[in-house]
Amino acid sequence: MTKPTPKERPKQMKPFKRYFNTEKATDNDGDGLERVKVRRKSQQNFVGDFIKMQNKPKRTPSSRPPGAKKKAALTAEPQPKKNPIPQELMDKYSRGEKVLPKGVKTRHFKEQQTRKEVYLEYATEQAARTELLLQEVPGQLEPDEDETTAELRQAEIAGLVDMQSAAKHFSLSMEHGPYQLRYTKNGRHLLLGGRRGHVAAFDWVTKRLHCEFNAMETIEDVQWLHVPTMYAVAQKSWVYIYDKKGTELHCVKRLSRVNRLDFLPYHFLLAAGNSAGYASWLDVSIGELVGNFNTGMGEIRKLCHNPSNGVLCIGGGRGVVSMWSPKVREPLAKLLCHSTSITALTVDPKGQYLVTAGLERSVKVWDVRMLVENQPLTHFQLRLPANELDVSQRGMLALSQGTYLETYADILSGGGTGDSNILPYLRQRCDSFVNGVRFCPYEDVLGVATANGFQSLLVPGSGEPNFDAMEDNPYETSKQRREHEVHALLEKIPPELITLNPHEITGVDTPTLQEKIDAKRKLFHVKAPRIDMKVRHKMKGRGGSAKAARNKQIVKDAKRKEFIAEVRQAKASVFKEHGVKQNQPKAKAQRSVLDRFKPRTKKRQA
């Protein structure tokens with residue numbers, strides 16, 4: 001007899017289904033659990049294409065028809081094709097010819113060189129494609145049929161542009177002139193120096209003043225250094241270096257009575273020319289002079305450097321422009337540009353053209369890569385001698401004649417005020433004598449320093465509209481500036497590499513055949529070196545003059561024998577190289593019937 005189940009007893013609970021011992025859930029079974037595939041920890045939170053591939057239903061091999069894989073590959077969704085890049089654009093960003101790994105010995109370095117060429121090719125392609133992102137396009141003033149751009153005044157141009165650009169046109173009236181000006185490499189900060197001791201540094205875009213003081217000495221020139229927080233001032237006696245707040249950091253007494261200053265940013269060299277005719281190069285990273293010698297050209301008043309190779313160009317009073325390097329005491333090249341004294345000179349930012357002006361009221365443009373006298377590329381004839389010159393990033397030329405200022409759209413177009421057929425791009429008359437003219441980098445602005453202050457003029461199309469933030473960033477922060485300074489110090493170019501042709505450094509200096517022949521000929525005519533032997537002074541009675549002379553002669557004979565042995569060894573190596581046998585015995589002549597008539601040599605009796 002079975003025991004009945006009580007009514008209050010609860011029903012027995014079903015065991016829980018686990019994921020590893022259950023079937024897949026069905027429509028009838030609400031409590032069914034789906035089998036979960038355990039993944040690695042690195043794949044658990046991944047929700048990309050990997051998960052989507054797993055969610056696709058798998059097809060069994062039996063259900064797949066033959067050739068289905070091939071058809072699926074053919075019917076796959078086609079990827080978008082990339083637009084072809086023009087070859088001209090690829091050549092613009094190319095980094096030179098490929099290096100063939102044929103001569104590399106080991107397989108590791110051969111694969112490394114091949115991989116490097118692939119990376120360079122990819123970088124060139126990406127740089128060419130990103131040019132589409134450069135939305136800013138350089139533009140110039142386009143006049144109507146009956147108008148010319150030279151008739152426009154600054155007030156009219158400022159009224160036609162937007163408010164942000166119109167704010168860049170301003171003027172400053174100051175009493176301590178005449179003034180000199182310098183823009184920083186990124187074009188954001190401006191430095192002014194007056195002849196009567198006034199120095200001012202400020203952000204000319206936001207009009208924020210960094211510092212302003214009076215040095216209480218005559219100021220000849222001012223120059224920014226590698227960062228916008230340091231600048232150099234050529235005062236009456238020496239060159240002083242100040243920081244952004246006007247605090248004196250250094251006094252360089254080895255640079256005395258300096259008239260002109262210039263800075264080489266990639267070499268960290270402060271170049272100076274003084275009234276005694278000395279050219280000096282100061283390495284601001286270590287504080288040492290790497291070059292200081294007399295040029296023999298008299299007082300240096302006109303000085304600038306070539307941005308492409310770092311060579312210093314100095315204009316003399318006889319119309320000659322000489323090019324100098326800090327490690328060579330002679331000029332690398334001399335060019336007779338004018339028959340009179342040079343009044344101004346400059347080099348374009350690309351380092352291709354040299355522009356000079358003389359007292360004969362002419363401006364000439366020369367090709368720096370091919371210096372040929374009496375063959376300038378362009379000739380400007382003016383009504384008055386030009387006292388200041390400058391070339392913009394887009395190839396515009398600005399020149400001043402007293403209080404009169406002119407701008408030309410292209411330095412190779414020629415013309416001038418003496419030519420009525422080719423008119424200047426813009427004209428401007430200043431209120432006083434012009435002492436300095438500088439184009440602002442990456443801005444359509446021309447800075448003019450006069451005897452009574454400073455003027456900022458709008459010149460549409462003069463600046464480069466797109467900048468490389470890794471090279472020059474007008475909007476850089478203090479952290480970016482520090483990082484840029486560290487990288488620039490690590491990539492500093494030594495002054496020994498400043499040459500007229502910078503591509504010579506990449507080549508191999510191999511001697512010519514004539515030089516090899518001359519070097520071998522010198523081996524047969526080399527004199528024995530002179531031996532200067534100093535006899536040690538001994539105590540009285542230990543050595544006499546005869547014994548000292550005999551010892552000296554013994555040493556000279558031993559040195560001479562060593563030298564003769566070295567020369568013989570060198571001659572033997574030369575003969576062996578050219579396949580000539582040394583001391584080869586003469587071949588005996590064949591005997592003839594007539595030999596009996598020859599005189600016989602008497603044999604020596606022992």
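## Surface patch

Leu 594 is exposed, with a relative accessible area of 57%, where exposed stands for over 50% relative accessible area, buried for under 20% and partly exposed for what lies in between, with a 1.4 Å probe and protein chains only. The model is a predicted one, in which local features need pLDDT of at least 70 and side-chain atom pairs count only at pLDDT 80 or more, while totals for chains, interfaces and linings use all residues. Residues are numbered from 1 along each chain as its sequence is written, and side-chain values use heavy atoms, with hydrogens and water left out.

Leu 594 lies in the segment after helix H9 (545-578); helices (H or I, at least four residues) and strands (E, at least two) are DSSP runs numbered from the N terminus. Together with Val 593 and Phe 597, Leu 594 makes a nonpolar surface patch of about 360 Å². Such patches take residues with over 30% relative accessible area and no salt bridge, joining like charges within 9 Å and nonpolar side chains (Val, Leu, Ile, Met, Phe, Trp, Tyr) within 5 Å; the areas come from the Shrake-Rupley method with a 1.4 Å probe, and for residues only the protein chains shown count as cover.

## Second largest pocket

The second largest pocket has a volume of about 860 Å³, and among its 33 lining residues those closest to its centre are Ser 165, Lys 168, Tyr 442, Glu 443 and Asp 444. Helix H5 (154-160) and helix H6 (163-166) are the elements that give two or more residues to this lining. By class, the lining of the second largest pocket holds 17 nonpolar, 8 polar and 8 charged residues, where Ala, Val, Leu, Ile, Met, Phe, Trp, Tyr, Cys and Pro count as nonpolar, Asp, Glu, Lys and Arg as charged, and the others, Gly among them, as polar.

On a 1 Å grid over the protein atoms alone, a pocket is an open set of points with protein on both sides within 12 Å along at least five of seven lines, a cavity is a set where a 1.4 Å probe fits but cannot get out, and lining residues have an atom within 4 Å of a point. Points are joined across faces, edges and corners, and a volume is the space filled by probe spheres set on them.

## Cavity

A search of the whole structure finds 1 cavity of 30 Å³ or more, and the largest cavity holds about 50 Å³ of space. Its lining includes Gln 154, Leu 405, Arg 427 and Leu 458, and strand E25 (426-429) is one of the elements that give two or more residues to this lining. E25 gives the most, with 3 residues, and the lining as a whole has 6 nonpolar, 3 polar and 1 charged residues.

## Salt bridges

The whole structure has 14 salt bridges, each a side-chain nitrogen of Lys or Arg within 4 Å of a carboxyl oxygen of Asp or Glu. Glu 443 and Lys 168 meet in one of them at 2.5 Å, N to O. Glu 443 lies in the loop between strand E26 (434-439) and strand E27 (445-450) and Lys 168 in the loop between H6 and strand E1 (170-173), so this pair ties together parts that are 275 residues apart in sequence. Glu 443 is buried at 18% relative accessible area, and Lys 168 also counts as buried, at 15%.

The side chains of Glu 121 and Lys 98 meet in a salt bridge at 3.6 Å, N to O; Glu 121 is partly exposed at 44%, whereas Lys 98 is exposed at 55%.
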